[in-house]
Amino acid sequence: MKHWIAGAVGVVGLMMTGMITAGTAEAQELIVEKKIFELPSYTTQGGRTLKNVKVGWESYGTLNADKSNAILICHFFSANSHAAGKYAAADAAPGYWDAIVGPGKAIDTNKYFVLSSDTLVNLNTGDPKTTTTGPASLDPDTAKPYALDFPIVTIGDFVNVQKALVESLGIRKLALVAGPSMGALQTYEWAASYPEMVAKAMPVIGAAEADAQLIAWLDVWAAPILVDQNWNKGDYYGKTPPNAGLAKALAVVTLQANHGDWTNGTFGRRPAKEGDAPGKALANKFQVQSILDTAGEARAKVSDANHFLYLVKANQLYAAGGISLADAASKIKAPVLLISQPKDLVFTADAIERTAETLRKGGVNVTQAFIQGTRGHLDGVISMKQAEGAIRAFLEK
C-alpha cells in the first residue's frame with residue numbers, strides 16, 4: 001500500500017555525475033549524486049529579474065569528448081530531477097523513470113550522458129534532495145520569503161534555466177529531450193523555442209497546449225489551497241502553513257492522475273474502517289477517500305502551497321513556443337516520438353490526437369506509441385517499460 005501511495009502522489013496528471021556498480025548491463029545499478037546549478041541573475045519571460053537562482057540537478061553516464069551524446073529528461077508536476085538511479089544502495093526506490101534510463105536500458109547510460117534538473121517553483125521544498133528558487137525562497141533584497149511577490153514563471157522559464165545549465169556544460173545540441181506530463185510540456189517547449197539544439201523529442205503523456213478543459217481542471221486542483229484560511233493570500237511563512245488545503249489539492253491531483261479501472265478495482269465500495277459504514281455518520285469514509293486523504297496529508301508535509309499554485313499557473317499558461325500549438329508546429333524541426341495512454345484523464349486522448357495532427361500538418365515527423373494499464377496518466381511514469389522497444393527504435397533512427 002505504501003508503494004502506490006508514494007507513486008500516486010508523486011505524479012502529476014501525479015532528485016552529477018553517475019557512477020555505475022559492477023555487473024552485467026541489466027544488473028548494474030546507478031548511484032547518483034545531486035548537484036546545484038546557480039545563476040547570478042535570471043530575467044523571466046515576464047521581464048522580472050531574479051537574483052541568485054538555484055536549481056538542483058543530477059546526471060547519469062559520461063559526456064563524450066565532443067559532447068554530442070547528451071539527453072535531457074524533464075520532470076512532471078510534482079516530481080524533481082530524480083529520474084533514475086539511487087542516491088544510496090539502501091534507498092527504498094530509484095528515480096521515477098529508472099525502468100528506461102540506465103545501463104543497457106532503452107535510454108542507455110553506457111552510451112548517453114543523461115541529465116535532469118529541478119524546475120523553478122519546484123513543489124518539493126521540504127525534500128533535502130530538491131533545490132529550487134520560488135515563493136518560499138528568500139528574496140536577497142529583503143531577506144524574507146518572496147511569497148506572492150515572486151514573479152509569474154512559465155514553462156518557457158523552466159526551459160531557459162535548463163538551457164543555461166546545459167550550455168554551462170559545453171553542450172551545444174541535445175540528442176534527445178524527453179519527459180512525462182509537465183515534462184512533456186518542457187519537451188515541446190525545447191523543440192519549438194530552440195529547434196537547433198534538439199535532435200529528437202519524446203513527449204510522454206502530454207499535449208502541446210493547455211486547452212480550456214485542462215485550464216479549468218488545474219483551477220480545481222488549486223481551489224482547496226485558496227479556501228484554506230491559513231493560506232492568508234500567500235503570506236504564511238513563519239506561521240501555520242495551509243497544509244489542509246494543500247493535502248486535499250494533492251488528493252485531487254492523485255485521483256485525476258489515475259483511472260477508474262484502478263480506483264474501482266483496488267477499493268470498490270469498501271469502508272475505510274470495518275464496522276464504520278459510511279452511511280452511519282457523515283464522518284465515516286470509504287476506503288478510497290481515506291487512502292487519498294492520507295497520501296495527500298503525507299505529501300503536503302514536504303511540499304509548499306504557493307509553489308503548487310505557481311506550478312498550476314505555469315501549466316495553465318502553456319502553449320508550445322509561448323504562442324500556440326499551430327505556431328509551434330511550424331518551428332519544431334526534430335522528429336517526435338509521442339507516447340500516451342488512451343485512458344489518460346489529464347491529457348486526454350483527444351488532446352493528444354489534436355497535438356499529433358497539428359504537428360504533422362506543420363511538417364513535423366511524428367511517431368506515436370501507446371501504453372496500456374489501469375493507472376491512466378500515471379502509466380506514463382510507472383509503466384514506461386512497455387515503450388522500451390519504441391524508444392530504442394526511435395533513438396536508433
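## A buried tryptophan and its partner

Let's start inside the protein: W221 has a relative accessible area of 1%, so it counts as buried (buried means under 20% relative accessible area, exposed over 50%, and partly exposed in between, using a 1.4 Å probe and protein chains only). F77 is buried too, because its relative accessibility is 1%. Keep in mind that this is a predicted model, where local features need pLDDT of at least 70, side-chain atom pairs count only at pLDDT 80 or more, and totals for chains, interfaces and linings use all residues. Residues are numbered from 1 along each chain as its sequence is written, and side-chain values use heavy atoms, with hydrogens and water left out.

A search of the whole structure turns up 9 aromatic pairs (rings of Phe, Tyr and Trp, the last by its six-membered ring, pair if their centres lie within 6.5 Å; planes under 30 degrees apart are stacked, over 60 edge-to-face, and the rest tilted). F77 sits in the loop between strand 5 (70-73) and strand 6 (101-102), while W221 is in helix 4 (residues 212-226), so the pair ties together parts that are 144 residues apart in sequence. Elsewhere, ring pairs join F76, Y96 and W97 into a cluster.

The chain's average pLDDT is 93, and 93% of the residues score at least 70 (pLDDT is the predictor's confidence in each residue, from 0 to 100).

Where pLDDT is low, the predicted coordinates should not be read in detail.

## The whole chain

The chain has 12 helices and 14 strands (DSSP runs numbered from the N terminus: helices are H or I with at least four residues, strands are E with at least two). Its 397 residues would give a compact globule a radius of gyration near 21 Å, and the chain's 20 Å agrees (this radius is taken over C-alpha atoms, and the globule rule is 2.2 Å times the number of residues to the power 0.38). Buried residues make up 56% of the 397.

How many of the 12 residues of helix 8 are buried? The count is 11, so helix 8 is largely enclosed by the rest of the structure. Its buried residues include H307, F308 and Y310. Helix 2, helix 3 (182-193), helix 4 and helix 5 (243-256) are among what covers them.

Helix 7 (residues 287-300) has 14 residues and reaches 20 Å from its first C-alpha to its last, close to the 20 Å expected at 1.5 Å a residue (the expected span is 1.5 Å times one less than the number of residues). Among the buried residues of helix 7 are I291, L292 and R299.

Most residues other than glycine have a negative phi. V121 has a positive phi of about 45° although it is not a glycine, and it lies in the loop between strand 8 (113-117) and strand 9 (138-139). A147, also not a glycine, has a positive phi of about 50°; A147 is in the loop between strand 10 (144-145) and helix 2 (155-168).

How values were computed. Contact = heavy atoms within 4.5 Å.
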